2 protein chains.
Amino acid sequence: MAGRPAEPHVIWARPERAGRGPKPAFSRADIAAAAVRVADAGGIDAVTMRQVAAELGCGTMSLYNYVPRKEDLYELMADRVAGEYDLPEKPSGDWRADLTALAHRARAMMRAHPWMARLMSAVYGFSPNAMRYLEHSLACLDALDLPYGEKMELVAMVNGVVTTYVANELQTAERARSLPWSAEQEHAVRIAYMGREIASGRYPRLAAAFAEDSGPIDLDAVFDRALARVLDSFTTRRPENP
Amino acid sequence: MAGRPAEPHVIWARPERAGRGPKPAFSRADIAAAAVRVADAGGIDAVTMRQVAAELGCGTMSLYNYVPRKEDLYELMADRVAGEYDLPEKPSGDWRADLTALAHRARAMMRAHPWMARLMSAVYGFSPNAMRYLEHSLACLDALDLPYGEKMELVAMVNGVVTTYVANELQTAERARSLPWSAEQEHAVRIAYMGREIASGRYPRLAAAFAEDSGPIDLDAVFDRALARVLDSFTTRRPENP
DNA sequence: CTTAGTTACGTACAACGTACGTAGTGAGAT
DNA sequence: ATCTCACTACGTACGTTGTACGTAACTAAG
């Protein structure tokens, strides 16, 4: 009976290779890669122990030798994606530019793996690669004269903006994966309902907002504005509050 | 064969009471209330069709007369909680104060129903009560001279801050509900791992950040600072960027 | 009164996470 | 060289989930 302890454990603290016995057929990286492949192809709900095992080409229960609980599989996945960044370059010294670039890359990553938004809120945020990412974020702020507490708050806010906006953007499309109809159909029906509701006159300001002719929404621009505002708030002095 | 159409539908567009046949034993509000009670008591994972039906005192499959799919049950729950706000009062004219108060109430609501954070990202955001809330948010900004597009962005950022911070705050505790050990045990093991990792010297800035003696973190203060920053960024003019 | 649509709900099924047991493997101890 | 035993591999099985489907009872519309 191996590897399913009844006490709390962190997958990262568990040695990948045990001393005795035959050598494992797969590495942790193999398993994370397989799970990520399954999620990219079929969404996060397709990531079942059976599917991942099939992708690896082994029996379902063999997976449990590597991953005691399904949540640990999620942690492996999140960490692997967090490791996809190229972070070797040294910060340029312009913290605003560096952090903006980093946020853009984080956003691109989450759009490349649309299931990550949901996963990140289901998983403990301190895997090895997540810590590497965090360390790099702080390194970008070396030139900024602030206590680390505030730097952490800045980084948290930037990450918050990224996940919030990407999640909003992808939620409809991702949720539609589990539905028997298409995302477009779903969207059309929702919009029709909202249109009827707004036309009722009960929501005058919402009506005005939707009537406002501003052309199609540029999601990139919206994201950039939100990010810039957060960065601004750490640059400018706040006006006194009565 | 009633009520499980193969085409897209919105629960809110479906009439609560059909013209023919015996009158339903429950109202939509009854069902939402029961589901919320189950979630408050046992977390979101306790909300199963069987449990909610048991809470109502009816057969499992009877629920499907009211709620075609489980996701619709989630929508009912989210809408009910969104309806728990008291919003009758007119905005005071001080949009900053009004929006701050509103954000505080939203935060309190999400802490009172810790499962809401996860639910809101799984559900389409335009239920009747959500629209009421949005309309009220816009009403708070009546005095602010901005196009509706920007007002919507402001409201979205405020809501984003609320959900982000509450989710971070609650995620450990909520996740621990499904684990065979306690949140405290889990936390202790995680902290121990991080401590070992940080002591390795690979994350000098993280180490410095954790070493920085700032006393226990005041989550309320952190939230207030983040919120204030977002509001600031719509008040102050942004300095020119080179 | 008829009839057709609605409500109520028991049964059944596929898919899930995973507990458990068994068989085989191979590195360290003797 | 042989023994030993932790470890790997994985089939079987159980409890739980969402929900498709069928049946029986009920009631408003024609």
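A quick definition to start: on a 1 Å grid over the protein atoms alone, a cavity is a set of points where a 1.4 Å probe fits but cannot get out, and lining residues have an atom within 4 Å of a point. This is a predicted model, so local features need pLDDT of at least 70 and side-chain atom pairs count only at pLDDT 80 or more, while totals for chains, interfaces and linings use all residues. Residues are numbered from 1 along each chain as its sequence is written, chains are lettered from A and ligands numbered from 1 in the order in which they are written, and side-chain values use heavy atoms, with hydrogens and water left out.

Q: Which residues lie nearest the centre of the largest cavity?
A: This cavity has a volume of about 110 Å³, a volume being the space filled by probe spheres set on the grid points, which are joined across faces, edges and corners. Its lining has 13 residues, and the largest share, six residues, comes from H7(B). Nearest the centre are Gly160(A), Val161(A), Met157(B), Gly160(B) and Val161(B).

Q: How many charged residues are in the lining of the second largest cavity?
A: The second largest cavity has a volume of about 50 Å³, and its lining includes Leu99(A), Tyr133(A) and Asn159(A). For the classes, Ala, Val, Leu, Ile, Met, Phe, Trp, Tyr, Cys and Pro count as nonpolar, Asp, Glu, Lys and Arg as charged, and the others, Gly among them, as polar. The lining splits into six nonpolar and two polar residues, and the charged count is no residues.

Q: How far is a polar side-chain atom of Tyr66(B) from a phosphate oxygen of DNA strand C?
A: Tyr66(B) is among the residues that come nearest to DNA strand C. For Tyr66(B), the distance to a phosphate oxygen is 2.8 Å.

Q: Why does the pair of Arg205(B) and Glu135(A) join two chains?
A: These two form a salt bridge, with the closest N and O atoms 3.1 Å apart; the term means a side-chain nitrogen of Lys or Arg within 4 Å of a carboxyl oxygen of Asp or Glu. The pair joins two chains because Arg205(B) lies in helix H9 of chain B and Glu135(A) in helix H7 of chain A, helices being DSSP runs (H or I, at least four residues) numbered from the N terminus.

Q: Is Glu153(B) buried or exposed?
A: Glu153(B) meets Arg225(A) in a salt bridge at 2.6 Å, N to O. Buried means under 20% relative accessible area, exposed over 50%, and partly exposed in between (1.4 Å probe, protein chains only). At 13% relative accessibility, Glu153(B) counts as buried.

Technical notes: A residue is near a molecule or strand if one of its heavy atoms lies within 4 Å of it. A polar contact is a pair of N or O atoms within 3.5 Å; within protein, one must be able to donate a hydrogen and the other to accept it, and residues adjacent in sequence count only if both atoms are side-chain atoms. On a 1 Å grid over the protein atoms alone, a cavity is a set of points where a 1.4 Å probe fits but cannot get out, and a pocket is an open set with protein on both sides within 12 Å along at least five of seven lines; lining residues have an atom within 4 Å of a point.
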